[in-house]
Amino acid sequence: MKKFYIHDTLHFVRKLTLRRLANIVLLYLSYQITKILKKPVQWGIPMTISFEPTTACNLRCPECPSGLRSFTRETGNLKEDFFRKTIDDLYKDLTYLIFYFQGEPYINPKFLDMVRYATDKGIYTITSTNGHFLNDENARKTIESGLDRMIISVDGTTQDVYESYRKEGKLDIVLQGARNVVKWKKQLKSKTPHIIFQFLVVKPNEHQIPEITRLAAEIGVDEVKLKTAQVYDYEHGNELIPTIEKYSRYKKQKDGTYRVKNELLNHCWKLWHACVITWDGWVVPCCFDKDATHQLGDLKERTFKEIWNGTAYKNFRSQLLVGRNQIDICTNCTEGCKVWTEE
């Protein structure tokens, strides 16, 4: 059973407006009608947008294109003026703004200024960080930015286990960064951000699940989330696949090979209520398109609404309704999978 975090929930509800609620209703209705008619019907604009602050990262995690330095697209930082212009067009209908796609957000020197701008527009803001840049100054500025939710990746409770996935990472720096955020949250008498330790469950760290909960409570973190790990090369097994089945996205078959647990149904809520904008202005369908191979429009040339209702988007939605298993980014997707959280 998922825990209810009252302060975080109430803070989110306070940011809902009648216009934003109406947009959510339009999105949901059009999605349900699409499932019935089996052809794309799209009303409203996304309630959730992921904006990519940067593609740069200080770590070298083995299942991350940014960590592997394997992108075919250029590395760069989101420009503040471009971000502001886009938000000015969308904020009245936008509910969630996620400052994350690939890379480490705090590498962008204007990151917290952009969070502040979104906060001033009344948008609920979220980021995900590896925690290596949460020094005392950045921790204070994070609280002052009005960030609503912060996810800190802590994939181990000892350095040896942590660095088995978070290559070149330093656990003591991450934990001190979390302590800095908790400290400034208290000193500034702020109820935000809601701080989450995200624990990506893999075989090397699964024995530390009880310890991450204890560590989070000791520091003063609000929540622990246990996340299943996406593995690219899984068919013949992978050293990262957990032995605890409920934390694995993959199931071993009788012939010894592995398959994705969830069934690929020919519809996807993400394509109706969310999208991703890369640092250089490309709109892509979702967070599984890590290298932005399915570019549905360029915001440097067209407005967001033109792209969202354009031919490329309609064609992609139509393709998904016919055969989701024929779209490369969908075949290892967790849409419909349960995300396990520590109780």
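**Figure 1. Burial and overall build of the protein.** Buried residues account for 54% of the 343 residues in this protein, shown here as a predicted model. Its secondary structure consists of twelve helices and eleven strands. The radius of gyration is 20 Å, close to the 20 Å given by the globule rule for 343 residues, so the protein is as compact as a globular protein of that length. A box of roughly 55 × 50 × 40 Å, taken along the principal axes, holds the C-alpha atoms. Of the contacts between residues at least 6 apart in sequence, 68% join residues at least 24 apart.

**Figure 2. Surface and charge.** Side chains include 51 positive and 42 negative ones. The centres of these two sets lie 6 Å apart.

**Figure 3. Strand β5, buried on both faces.** Strand β5 spans residues 194–201. Eight of its eight residues are buried, so the strand is largely enclosed by the rest of the structure. H194, I196, Q198 and L200 point one way. I195, F197, F199 and V201 point the other way. All of these residues are buried.

**Figure 4. Strand β5 and its partners β4 and β6.** Strand β4 (residues 149–153) pairs with β5 in the parallel sense, over five bridges. Strand β6 (residues 223–228) also runs parallel to β5, joined to it by six bridges.

**Figure 5. Close-up of Q198.** Q198 of β5 stands opposite S153. Its bridge partner in β6 is K225. Q198 itself is buried, and points the same way from β5 as H194, I196 and L200.

How values were computed:
Residues are numbered from 1 along each chain as its sequence is written. This is a predicted model: local features need pLDDT of at least 70, side-chain atom pairs count only at pLDDT 80 or more; totals for chains, interfaces and linings use all residues. Side-chain values use heavy atoms; hydrogens and water are left out. Helices (H or I, at least four residues) and strands (E, at least two) are DSSP runs, numbered from the N terminus. The radius of gyration is taken over C-alpha atoms; the globule rule is 2.2 Å times the number of residues to the power 0.38. Buried means under 20% relative accessible area, exposed over 50%, partly exposed in between (1.4 Å probe, protein chains only). Contact means heavy atoms within 4.5 Å. Lys and Arg count as positive and Asp and Glu as negative; His and the chain ends are not counted. The place of a charge is taken as NZ of Lys, CZ of Arg, CG of Asp or CD of Glu. Two strands pair if DSSP finds at least two bridges between them.
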